[in-house]
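Please keep the sequence and the structure in view while reading.

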Amino acid sequence: MIMRSVCTIILYIILPVSPFYLRLWSSVYSFELTYRYTRAFSDTNYITRSLTMKNIFFTLNRSGIPVSPSMDPALADAHVAQPPAGINTTRVLYLSVLTVLNAAIISLIAKVLLLLINFITNLAFYGRLSVGEGTPLHNQLGYWVIAVPVIGSVIVGLMARYGSAAIRGHGIPEAMEQVLVNKSRIKPIITFLKPLSAAISIGTGGPFGSEGPIIATGGAWGSFIGQVLKITANERKILLAAGAAAGMSCIFGSPLAAMILAIELLLFEFSPRSIIPVVLGCITGAAFHHLYWGGAPVFTMPDVTAPTNTALLAYSAIGVVIGLLAALVTKAVYAIEDGFEKLPIHWMWWPTIGGLVVGVVGYFAPATLGVGYVNIDNLLTGQVTLHMLFVLGVLKFISWSFSLGSGTSGGTLAPLLTIGGACGVFIALMLQMVFPSVAINISVAALIGMAAMFAGSTRALLTSIIFALETTRDGDTLLPLIGACVASYFVSFFLMRNTIMTEKIARRGILTPHTYKPDPLEGIPVKEAMVNKLVMISQENTIGELRNWLYENKLGGYELAYPVVDAHQQLIGIIKMEDVLLPDTPEDASVTYVTHTNMVTVQEDSSLRFAVDLMARHQQDILPVVSGPDKLLTGLISYRTVFNAYHLAKDADETSSRNISIKRQVMKVLIKNGVLR
């Protein structure tokens, strides 16, 4: 009984993206030509005059008069479905416990991943066996430093070829794809291969951050648990998103930003049944971050003062330029990826080419190798030169874009932050040269450059702002962050159809939701959409008589089904036209031969969304509508009525109209005051 209730609720919630909608639209479209041809015959008065079957009746008008008082007992025995009471709190509690346990495991995996990156970095660049914090920045390998990323890339290519190709890339687009088209099912092997391949790639100098792989790994672990347990696809999506968010929260200690990231990029919804488990997973990840690294901010910011209005304008201008650069960065990454697609070699060897670029750039600029969180700290504290800005803004981009475009395993967040921070500082310096009177803080310029680059590239606007605040804990940067991130988002929206996260899956024909709106059918009562002028079939008629009536009135494809009543006009069941028109259905048989008596009805005060849910689950082409405790028949719901109600609701929201006439209001005021008579 509990599982039945849960399934009802899940269907009720995810209906807008369910396959039934596809069936709804295709069914209506397939009868569109027939509808245009026969709409002249759809008037009930015309049908009254043209009937040749003596026992086909129709009645009911908008007032809701029943066919006959004798129908009440029959309707009382019918299955009248009631809307679900609400969200199943038991399942929410169950998912919450699972996400907390998953978040603890993912946090342990995150720590192991960071130790593994340190171990491979120390081994590859310094030849020592140690898990202490290491960076390729101070290596003494000389020309041999070029070979290190190449070797790492060859290993990653082999793992992708003979392990799983899903480890290629930065992980979030792949997770989005599984959510949208594969019911959030990720191969369990990704949970092992993704962090291992990322550790090898980053540890051998790959210009990535550890946050992307751990986000992908957390999502894979959540999906794995969701496949082991007997749960719904929507609950599995929640576990996947919660696992990914927990990984991000553990790395950066930013639970709120991680939660918003899950909403903007993975959940595509905002409801208590999804937010509660995700929040608990993020809090658990943040607790482990505090356990591992203490409570200090991830990125150190010097003390800054509240910005002036002119400074806010300058920061917003920086956001506009960063938005342009974000679009350029995104297009360049995928242009490089397209270039690799044209190479006449197997994709397994593409990471080797990317690794070669990383090695060559790393030889001239060691700061481009590895995670490079120290580079972000230097940008935020203003400890950079013009040469370093060129290294972090241009050379880092070249190294990262070629490596990511080659299909190796890595992330995007840390490189985007580094590139954006360097660009933000450089633009700020240029503005100060042109407008020396404007007080621009270099540290704030670096921070808004980082956040604006992330906002423009991913269009995760809220995540970008909150992430910058949580990782620096500097409230005085809020207004500059909002101005710059909104400006970058605005520019990116007009320059790019897709983002750095969605472009890859969009090329495969997978479109991500771009709005978070409630289902329009949810706000439409059944009584406003139902047909209240009914055509009913008598059980005394034969199949042949019904066929003749349909052919004479050209209604064969107009309605999918009709209600069937007895001599006392009591509702017996539903007859489908597809059954009537089958060649092997005997013409001399009564219509009861193909009548479906096991039907459900719906209350007229229910939502149209719930009615559609009933039609989908019970495969009913029409749905009788009843009202009051006596369950009086007042109308019918069909696919066509749902289709029309949906479009009327959409048109009402999107049609421009003027509700207040300024001219008329002025005239009223003048007349009221005696100016005009």
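This is a predicted model: local features need pLDDT of at least 70, side-chain atom pairs count only at pLDDT 80 or more; totals for chains, interfaces and linings use all residues.

1. Arg 617 is partly exposed, with a relative accessible area of 33%, whereas Asp 613 is buried at 2%; here buried means under 20% relative accessible area, exposed means over 50%, and partly exposed lies in between (1.4 Å probe, protein chains only). The side chains of these two residues, Arg 617 and Asp 613, meet in a salt bridge with an N to O distance of 3.2 Å, the term standing for a side-chain nitrogen of Lys or Arg within 4 Å of a carboxyl oxygen of Asp or Glu. Because they are 4 residues apart in helix α26, Arg 617 and Asp 613 are separated by about one helical turn.

2. Residues are numbered from 1 along each chain as its sequence is written, and side-chain values use heavy atoms, with hydrogens and water left out.

3. Helix α26 (residues 608-618) also belongs to a right-handed β-α-β unit, together with strands β7 and β8. Right-handed means that, with the strands pointing away from the viewer, the path from the first strand over the helix to the second runs clockwise. Helices (H or I, at least four residues) and strands (E, at least two) are DSSP runs, numbered from the N terminus. Strand β7 (residues 600-603) pairs with β8 in the parallel sense over 2 bridges, where pairing requires that DSSP finds at least two bridges between the strands. Val 602 has Val 625 in β8 as its bridge partner.

4. Is strand β8 mostly covered or mostly uncovered? Strand β8 (residues 622-627) is mostly covered, with 6 of its 6 residues buried.

5. Ile 574 takes part in both pairings, standing opposite Pro 563 and having His 596 in β6 as a bridge partner.

6. A search of the whole structure finds 5 salt bridges. One of them joins the side chains of Asp 338 and Arg 507, at 2.4 Å from N to O. This pair links distant parts of the chain, with Asp 338 in helix α14 (residues 309-341) and Arg 507 in the loop between α22 and α23 (526-529), 169 residues apart. Asp 338 is partly exposed at 29% relative accessible area, and Arg 507 is partly exposed at 42%.

7. Glu 587 forms a salt bridge with Arg 547, the closest N and O atoms being 3.3 Å apart. Here too the pair links distant parts of the chain: Glu 587 sits in the loop between α25 (577-580) and β6, Arg 547 in helix α24 (residues 543-552), and they are 40 residues apart. Arg 547 counts as buried, at 7% relative accessibility.

8. Ile 505, in helix α22 (residues 503-506), is buried with a relative accessible area of 0%. Leaving aside neighbours within four places in sequence, Ile 505 is in contact (heavy atoms within 4.5 Å) with residues including Pro 173, Met 176, Glu 177 and Leu 180.

9. For the protein as a whole, there are 28 helices and 9 strands, and 55% of the 677 residues count as buried. Among contacts between residues at least 6 apart in sequence, 77% join residues at least 24 apart.
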